[in-house]
Structure formats: structure tokens, C-alpha cells
Amino acid sequence: MSLSLETARERDRRDPLRVYRDRFVLPPGVVYLDGNSLGALPRATAERLRVVVGEEWGRDLIRSWNQNHWIDAPQRVGGKIAPLVGARPNEVIVADSTSVNLHKLIAAALRLRPDRRVVLSEPGNFPTDLYVVQGLAEAGRCELRLAEPEAFGEALDHEVAVVMLTHVHYKSGRMHDMARITAAAHAAGALVIWDLSHSVGAAPVDLGGCGADFAVGCGYKYLNGGPGAPAFLYVAERLHADARSPLTGWMGHAAGFDFRDDYEPAAGMARFLCGTPPILGLVALETGVDLIAEIGVDALARKSGELSEAFIAQVSGGRGAGELELVSPADPRTRGSHVSFRHPHAYAVCQALIAAGVIGDFRAPDILRFGFAPAYLGFEDVWRAADQLGRVLDQRLWALDEYSVRSAVT
Ligand SMILES: *Cc1c(COP(=O)(O)O)cnc(C)c1O
């Protein structure tokens, strides 16, 4: 073990991001290691929602679309997310869910490569990403091919229209080399879609520097936008004129309020809107994004590496270490902000940890996952989590019957 409780507290005192912890609501007695699944609540969000609900909706009513700038919210919030992912403000817009945005971008990419029909991804990618491709395949629009990215050499042939990968893997935390894979795809004549759901707000991302074509990402994880927050999508500016969304709604029309019968796509990212934007979700997301942008992505990425390093060292040298197998890359440069271990009774261990006040999560079939949201966690949290994990394993606390009963959401 490398950390004592005292040294953990000392590291927290020296941490320049320490001040941001108080900007979040964190229940006492809980070590929250699930910010990669549902980010914590920023203190400012409740007040912002109170104003938007009470004054903008309650008093200003429909005038708010113009007066309170509701109509610009998808572009405005997208513009604030852009610097977090190495994009220009006009290349990102907030809309719909990550799943729906994947559908839009895969269809857009296929349309740009009409003589190819393969979508190349990897086995074990996040399920919704694969399901969305399967839906398009069922409609006769494409074919899904799965290969390990290390072996993309062969799989990346002249039939591949688009490579679709998640930058930081949701289970293992492994981070792909975005620049290298994007360049390989381009050399083979394919386009690339990156899913940034487990990266944005915690890991360094440079879409522009990597020459990426398309990307999507989630609003409710490290961006702290709240449950079911709207997601975002990115299209490189060089593709704006030609990329088309298959979901052609009035909010993506060049002149939606002319109420014409014929669809004509808006210029720029606006064409990737479909229906009316969810304003309450957007302002909650904006509050989370403002806070993450204020802290800055470099400082967040640095601290996330330090926290996960400390946790791995602490667990590896602690009680019960022999029962755990590190699934995440040991090298922090190829790891995102969460750490996963394999354990034969991972579900029960996770439940016993939650009962002890350490909220991580379980991913079927045997993965224990711990997310280190750098904006609000510290080294004392790392110490407590490792200490409790050691206790649960050492004393076999997970073996109680009550910890084996599964709920609907795991
Ligand atoms: C969380 C996550 C999603 C979420 O998709 P929703 O449509 O918001 O439910 C998608 N892809 C990845 C890789 C994720 O981690």
C-alpha cells in the first residue's frame, strides 16, 4: 500500500482542484465512484433549473424561445463542449441521445461512401453502438464487421465505409490511439466515428488534431448533465456541406419557421437537429459543462490519471489483491478515468461495497468498475474505497445472500 490516510489527506490539501469538490452535491458518508455512469449533481444546477422553470417557462412562456435564447441552446452548449474535445465551436451541437446521434452519423457517413457498405467496429464495444449499426443493417443500409483494432490491418479493406469505435472502452477503460486509427482508416478510404462517452470531461481528446470526421458523446457522465441529459455530436467542418442527417425534422430545416412542404437542410451543424430541443435537459447540461470547462480539461485529465494510478497501487498492495485481476491497462497513458478488476463474484462484491458506502458498479459478467471523476474526487476517496474493498474481500462480506439479488439496473 502506498497511501496512508494521512498521506491521502495531505495530497488532497495540495490538490489545486480541491476547491471544486464543494461545487457538487455529494451525500455524506458516500464515496461515489460511478461518475462515469451518472455524474454528480453540480450545486448550481438546482438554482438554474428553478429560474428556467419558474421564470422562463412560468412567466415568460413561449416568448422564452427568443427572449431567453432557448432556440440557440443546442449550438450554444455544443460550442462550450467543443474545446473539451479539440473541436471548433461550430462543429459541435447538442441533440437527442448518444444512440440516436450514432444513427444519424453512421447514416451520414454511409451516404458519403456510396460504393462501400461495411461499418467496422470491435467486439465488445458498448452495446448500443453495435445495436444501432444492426438496426441500419436490418434496413439494408450496411453490414457490420467486428475485428480487434490491433488486427484492423486486414479488416480495414476497400469495403469499409466507416470505422466506429469508442475512444475509452466502457468496461476496461482502455483508450484507443485516436490519431493512429483515424489515419489508418483514412488511408484505407474510410471515415471514422468516435464515441467519446467515457472520455469527454475526463480524458484528453483532440478531434481536430487527429483529423477525426465524426464523433458523439454523452452528457450525463463526466459532463454532469443529469439523468438522460441530451448528448452531443461533432462533424468536422470540411464535411458540413455534404454530410446529411437521415432524421430530417423541422429543427434541422434551413428555414423551419417558413413551414414549407419540402425539406432543405440547414447550413452547418443545425441540420443534425430533428425535433424541438429539450430545454430543461439542455440548461442542466449547460451548468455541468460550464463547471467542467472552468476547471479545464488538462487539469482534469492529469488528476484523473493520478487518482486511478493511486487506486490501482493501493488495491494491488492491499488485502484480497490475489482475488482481483486488473482488466484496465496498467499504463495511465492508455487508460481513461475508470479502473476495472475481474472477480468471480463481482456482482456480490459490488453490492457489499455499496452497503459499505462505496458506490462503484458491476458490468456483466464479472467486472467491478470504479470511475474516478476528477472534478470532485480526492485521494481520501481513493484510500477509503481501497480500504473497504480490502475489507469486503478479506472478510468475505460479499458472501451474504442479500448481495446476490439483482436489480433491473446494474
Ligand atoms: C453511456 C454510453 C452511451 C449512452 O447512450 P444513450 O443513448 O445515452 O443511452 C453510448 N455509448 C457509449 C460508449 C456509452 O458509454
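**Cores, strands and helices in a predicted model**

The largest nonpolar core in this structure has 95 residues, and those with the most contacts inside it are Val-163, Phe-311 and Leu-389. By a nonpolar core I mean a set of buried Ala, Val, Leu, Ile, Met, Phe, Trp, Tyr and Cys residues joined through side-chain atoms within 4.5 Å, where buried means under 20% relative accessible area, exposed means over 50%, and partly exposed is in between, with a 1.4 Å probe and protein chains only.

Residues are numbered from 1 along each chain as its sequence is written, and side-chain values use heavy atoms, with hydrogens and water left out.

Not counting residues up to four places away in sequence, Phe-311 touches Val-339, Phe-341, Phe-370, Phe-372, Val-382, Ala-385, Ala-386 and Leu-389, contact being heavy atoms within 4.5 Å. A second, separate core of 31 residues includes Val-119, Cys-142, Leu-233 and Leu-239.

Next, the strands and helices, which are DSSP runs numbered from the N terminus, with helices being H or I of at least four residues and strands being E of at least two. Strand β7, residues 160–166, is mostly covered, as seven of its seven residues are buried. β7 pairs in the parallel sense with strand β5, residues 118–121, over three bridges, and Leu-120 stands opposite Val-163 there; two strands pair if DSSP finds at least two bridges between them. β7 also pairs in the parallel sense with strand β8, residues 191–195, over five bridges, and the partner of Val-162 in β8 is Leu-191.

Strand β4, residues 92–95, is covered on both faces, with Val-92 and Val-94 buried on one side and Ile-93 and Ala-95 buried on the other. Four bridges join β4 to the antiparallel strand β10, residues 231–235, where Tyr-234 is the bridge partner of Val-92.

There is also an open sheet of four strands, in the order β11-β12-β15-β14, with antiparallel pairing. Its edge strands are β11 (325–326) and β14 (361–363), each of which pairs on one side only. Helix α11, residues 297–316, lies across β11, β12 and β15 and runs at about 25 degrees to β12; axes here are lines fitted to C-alpha atoms, for helices over the stretch in contact, and angles run from 0 to 180 degrees between N-to-C directions.

Within α11 we find Ser-304, which counts as buried because its relative accessibility is 4%. Leaving aside neighbours within four places in sequence, Ser-304 is in contact with Ala-202, Ser-337, Phe-372 and Pro-374.

Finally, how do two of the helices meet? The axes of α4 (residues 73–81) and α10 (residues 279–295) come within 10 Å and cross at roughly 20 degrees. The two helices are therefore roughly parallel to each other, a label for angles under 35 degrees, with over 145 being roughly antiparallel, 65 to 115 roughly perpendicular and the rest oblique. Among the residues making this contact are Arg-76, Val-77 and Lys-80 of α4 and Glu-286 of α10. Glu-286 counts as buried because its relative accessibility is 4%, and, leaving aside neighbours within four places in sequence, Glu-286 is in contact with Arg-48, Arg-76, Val-77 and Lys-80.

Terms used
Predicted model: local features only at pLDDT ≥ 70, side-chain atom pairs only at ≥ 80, totals over all residues.
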